Amino acid sequence: MGIFTQSIEVDCTPAGVPIRMRWQGREYRLAAEPVRWFERRKWWKEELRAERGRGPGLVDYEVWQLQVKLAGVGPLRTFEVSRQVDTGRWRIIRMPEAYQESA
């Protein structure tokens, strides 16, 4: 699986569900329902201490699997992206196809 930490732009519904993303100057549209889950961070390696009441973004981070097509056409591509809770910025964290292409 290809690992990345590249910033992207993601447009969402009012409920916060991704509907489209822009990466490397190209627009990708969702071709399947996005899937969301949370992964644990090793926060103790990055933070000196955990502030009381601060949980989202510190202990877990939100991950979305987006299956998209370039401008709604072309081959299906899968991206796993994460949104930073405190800044709202999005980044690509994994591209499963990148790993398969390099194997």
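The protein has 2 helices and 7 strands. Both are DSSP runs numbered from the N terminus: helices are H or I with at least four residues, strands are E with at least two. The order from the N terminus is β-β-β-β-α-β-β-β-α.

This is a predicted model, in which local features need pLDDT of at least 70 and side-chain atom pairs count only at pLDDT 80 or more, while totals for chains, interfaces and linings use all residues. Residues are numbered from 1 along each chain as its sequence is written, and side-chain values use heavy atoms, leaving out hydrogens and water.

Of the 103 residues, 29% are buried. Buried means under 20% relative accessible area, exposed over 50%, and partly exposed in between (1.4 Å probe, protein chains only). The protein exposes about 7000 Å², and carbon and sulfur atoms supply 50% of that area. Accessible areas come from the Shrake-Rupley method with a 1.4 Å probe. Among contacts (heavy atoms within 4.5 Å) with a separation of 6 or more, 48% join residues 24 or more positions apart.

**Aromatic pairs**

The structure holds 3 aromatic pairs. Rings of Phe, Tyr and Trp (its six-membered ring) pair if their centres lie within 6.5 Å; planes under 30 degrees apart are stacked, over 60 edge-to-face, and the rest tilted. Two of the pairs involve Phe-79 and are listed here.

| Pair | Centre to centre | Plane angle | Type |
|---|---|---|---|
| Trp-23 and Phe-79 | 5.2 Å | 75° | edge-to-face |
| Tyr-28 and Phe-79 | 5.8 Å | 65° | edge-to-face |

Trp-23 sits in strand 2 (residues 18-23) and Phe-79 in strand 6 (residues 77-83), so their pair ties together parts 56 residues apart in sequence. Trp-23 is buried at 8% relative accessibility. Phe-79 is buried at 0%. The pair of Tyr-28, in strand 3 (residues 26-30), and Phe-79 also links distant parts of the chain, 51 residues apart. Tyr-28 is buried, as is Phe-79. Ring pairs join Trp-23, Tyr-28 and Phe-79 into a cluster.

**A buried glutamate**

Glu-62 belongs to strand 5 (residues 60-70). Its relative accessibility is 8%, so Glu-62 counts as buried. Which side chain does the side chain of Glu-62 meet in a polar contact? The partner is Arg-36, at 3.2 Å. A polar contact is a pair of N or O atoms within 3.5 Å; within protein, one must be able to donate a hydrogen and the other to accept it, and residues adjacent in sequence count only if both atoms are side-chain atoms. Leaving aside neighbours within four places in sequence, Glu-62 is in contact with Arg-36, Trp-37, Phe-38, Val-81, Ser-82 and Arg-83.
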